Amino acid sequence: MSLPYSPRFAYYDGKPQSSSSTSSFQTIDPATSTPLANIHTTTPSAIDSAIASAQKAFPAWSSTPAIERARILQKAAAILRSRNDELAVVETHDTGKPFSETSTVDIVTGADVLEYFANLVGGGGLNGETIQLRPNAWVYSTKNALGVCAGIGAWNYPIQIALWKSAPCLAAGNTMIYKPSEFTPLHSTLLAEIYSEAGVPPGVFNVVQGGGEVGAYLTQHPSIAKVSFTGQVSTGQKVAGSASGGLKYVTMELGGKSACIILPGADLEQAVDGAMMANFFSTGQVCTNGTRVFIPESLKPSFEKRLLEKMEYLRAGDVMDPATNFGPLVSKPHFQKVQAYIKHGVETDKATLLYGGFATPSWLSTHLNKDYQSGYWVQPTIFTDCTDDMKIVQEEIFGPVMSILTYKTIDEVVRRANDTKLGLAAGVFSNDLNQAHQVIARLEAGITWVNTWGESPAEMSVGGWKMSGVGVENGKKGLEAWVRNKSTLVDMGGEVPTVFCKL
Ligand code: NDP
């Protein structure tokens, strides 16, 4: 059967490597559950070849002047922008996210980060420092590339994640082996081709294809200097454990169960809009989602009334229709996982189902044409009267499932918001900015917002606290994660300080 997209192979030495596999699998369009392309799993010996290609490219790329690397990466960012809609269509097919979202967020925010890091290194961001110790002695330091690095991506923002990892990696002078999620691999070789077209030399950005075993092979490989990983906490623990054996550098961007706190006196419209963004954007498949919505007891009736009115603004439908803003879940296993959580919320946790639930035949036929009815759709779902001990409140669902919890005092809500092993994001909505900042200061999370939710610009360093991660991506701190420091002390005094002198 002919498929809409060409087969995907490993990409190294500056080109696709059709002989790099002995087995294959298919990537599926989640909106319709139909196959999109055959993906060829990269064999261990081909992964070794990709790593050898990256090692060969490293000396020249790392010694290319930063301004020259910047020029090449800026060109790649310009190509990404010029092909925005075409790439967005690919991401929509692969992830199920509506074109209204992929065409305005996924490629744009990836290209922004590429441009940001290119400009940063081109403008001296890799300079070290000089410290005058005494008149005839000083220390200088340099920031040095690490070597061959691995990037392992999740499926929710495929091309954005690939760019958030490869942009600072390449800008700092490293070379990369990138493994996309087996559920959303289409973007990977397109990005490799764009880098090549922009002038990134062969071997600097390489792609390997496959599932967890391919990722695991990379993390334990002795020639990999760093692993930058985005995914679930449980996988992150395995990856960090494996990388620690080789004392590799790691960045871990993991899951969350973030608190979205509506403070007393918050603007109702703003709070409802924020809670909706924090739960239903990308069909809830966003790591920073504020899925625990805390609301003062007295505001619960008005908040829920306005929320239910605004749920009409969520529009499931043809994912290519510019008016559609709610898509399916990414894959069948994920669809089954989210459905199991909704069932658990109703049957075991006994939370009140305020809105949504499973995609019933009548919901499917009202919102979707026939082709789409076999896709991985669930309804946007709201549970209320939730308590902290419920499984749907404690665990990351990674779907469009909001839990509403009420509170009485600020101390109480801060304590309950922090009562989780995860610490990725948090946010408050309030008209009292003093109180908003006081609460933010007490929240145990690495990414926080006041009166907004979800924006993550290139300048903002983002990373989780507690079990949600190690290190940060983006911003100036994001570049530091891809270099190591060398300090040199120079003494012009003419005498080496020594204790070995004649008595
Ligand atoms: P997974 O942990 O399932 O997978 C992430 C990547 O790791 C995939 O490429 C996967 O391969 C690969 N992998 C699986 N097993 C191993 C292994 N043993 N060694 C090395 N690599 C392995 O995460 P999901 O793809 O399900 O992504 C969703 C998760 O990602 C959520 O928890 C979400 O919160 C988190 N996330 C965090 C972000 C952040 O910035 N903090 C941003 C986005 C998502 P394959 O899929 O092919 O099996």
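1. Let's begin with where the ligand sits. Domain 1 (11-254 + 468-487) and domain 2 (259-450) both contribute residues to the shell around the ligand, so the ligand lies between them. The domain bounds come from an automatic or database domain assignment. Please keep in mind that this is a predicted model, in which local features need pLDDT of at least 70 and side-chain atom pairs count only at pLDDT 80 or more, while totals for chains, interfaces and linings use all residues. Residues are numbered from 1 along each chain as its sequence is written, and side-chain values use heavy atoms, with hydrogens and water left out.

2. Who are the neighbours? The ligand is surrounded by 27 residues, where near means that a residue has a heavy atom within 4 Å. The closest are Gly153, Glu182, Thr235, Leu254 and Glu396.

3. Now for the polar contacts (pairs of N or O atoms within 3.5 Å). A polar side-chain atom of tryptophan 155 is 2.9 Å from a ligand oxygen atom. For glutamate 253, a polar side-chain atom lies 3.4 Å from an oxygen atom of the ligand. Taken alone, the ligand exposes 910 Å², and the protein buries 88% of that (Shrake-Rupley method, 1.4 Å probe).

4. Glutamate 253 also leads us to the strands: this residue stands opposite glycine 469 in β21. Strands β11 (residues 249-253) and β21 (residues 469-470) pair in the antiparallel sense over two bridges. Strands are DSSP runs (E, at least two residues), and two of them pair if DSSP finds at least two bridges between them.

5. On the parallel side, β10 pairs with β11 over five bridges, and serine 228 has threonine 251 in β11 as its bridge partner.

Methods: A polar contact is a pair of N or O atoms within 3.5 Å; within protein, one must be able to donate a hydrogen and the other to accept it, and residues adjacent in sequence count only if both atoms are side-chain atoms. Helices (H or I, at least four residues) and strands (E, at least two) are DSSP runs, numbered from the N terminus.
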